[in-house]
Amino acid sequence: MPEKMREASPLAFWSEQEGRLLRLRLNRPKANVIDKDMIAALEQALAEHCTKPHLLGVILDHAGPHFSFGASIQEHFPAEAPAMLASLHGLLKRMIAYPCPILVVVRGQCLGGGLEVALAGNLIFASADAMLGQPEINLAVFAPAASCLLPERLARPVAEDILFSGRSVTAEQALQMGLIDNLSDDPEAAALAYFGKHLAKHSGAALRFAVRAARDPYVERVSADLDRVERLCIDGLMKTKDAVEGLTAFVEKRNPIWQHQ
């Protein structure tokens, strides 16, 4: 049973195993949209626990059948995009630099900003019905964080296929390409078992240094790359006509009319 639980609209979080495990649960099914409120709730929960010396792991999962349908479309429009990207990339930077492993549990759809959040964790545990993808290109935008994170995790041609095609892949395909790390009927149980067998026995101090030793160069590289793509998106992409048309057409539930500019 949880040792303590706090629940707000976007996120539920609690501690287990005498504070050694932090549980985070996206809590707005069925879409679990990664909007400014969800981002702020995740940021707050992670920040609140990151200095606890006995924390050995985090499990991020979700209520409802789907991990996330992605980021808020409305927050992608030019007026809101700078603030949205700054907050999302701040969260992802915290996640990739977190002092203990983050295990992510995925069922159902895991798309767009949802997949970017999952990619910022260390290991992804998925169910057979999981579908993972970056569909942003279909709206004439690109996925800034995934453009940095996917090539770090996958062979570049595989990462570029996902980014350029906008297609989703099945859990089995994701396992074969290395996008997920574990495929099971009960990914939450698999993540808990991994924590119990491989992390719970460790010294918190040793684990923190092990995480830094393995990830510091990665964190530095990806953080700089996130800044690069954020500028590319705000100063370049969002000034094109097609980006606004793609987002507008989605909101209006019609086919877009591209001007290719």
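This report describes a helix pair, a nonpolar core and one further residue in a predicted model.

Residues are numbered from 1 along each chain as its sequence is written, and side-chain values use heavy atoms, with hydrogens and water left out. Local features need pLDDT of at least 70, side-chain atom pairs count only at pLDDT 80 or more, and totals for chains, interfaces and linings use all residues.

The helices named here are DSSP runs (H or I, at least four residues), numbered from the N terminus.

| Helix | Residues |
|---|---|
| α4 | 144-153 |
| α5 | 156-165 |
| α8 | 204-235 |

Two packed helices are described by the angle between their axes and the distance between the axes. The axes of α4 and α5 come within 8 Å and cross at roughly 150°. That makes the two helices roughly antiparallel (an angle over 145 degrees). From α4, Ala146, Ser147, Leu150 and Pro151 meet Arg156, Ala159, Ile162 and Leu163 of α5; contact means heavy atoms within 4.5 Å. The residues of this contact divide into six nonpolar, one polar and one charged.

Leu150 also belongs to the largest nonpolar core, which has 82 residues. Such a core is a set of buried Ala, Val, Leu, Ile, Met, Phe, Trp, Tyr and Cys residues (buried: under 20% relative accessible area) joined through side-chain atoms within 4.5 Å. Leu150 is among the residues with the most contacts inside this core, as are Leu24, Leu60, Met95, Tyr98, Leu132 and Leu179. Not counting residues up to four places away in sequence, Leu150 touches Leu119, Gln134, Ala159, Ile162, Leu163 and Leu179.

Arg228 lies in α8. Arg228 has a relative accessible area of 40%, so this residue is partly exposed (between the limits of 20% for buried and 50% for exposed, with a 1.4 Å probe and protein chains only). The C-alpha atoms of Arg228 and Leu88 are separated by 14 Å, and the two residues are 140 residues apart along the chain.

Technical notes
Axes are lines fitted to C-alpha atoms, for helices over the stretch in contact, and angles run from 0 to 180 degrees between N-to-C directions. Angles under 35 degrees count as roughly parallel, over 145 as roughly antiparallel, 65 to 115 as roughly perpendicular and the rest as oblique. Ala, Val, Leu, Ile, Met, Phe, Trp, Tyr, Cys and Pro count as nonpolar, Asp, Glu, Lys and Arg as charged, and the others, Gly among them, as polar.
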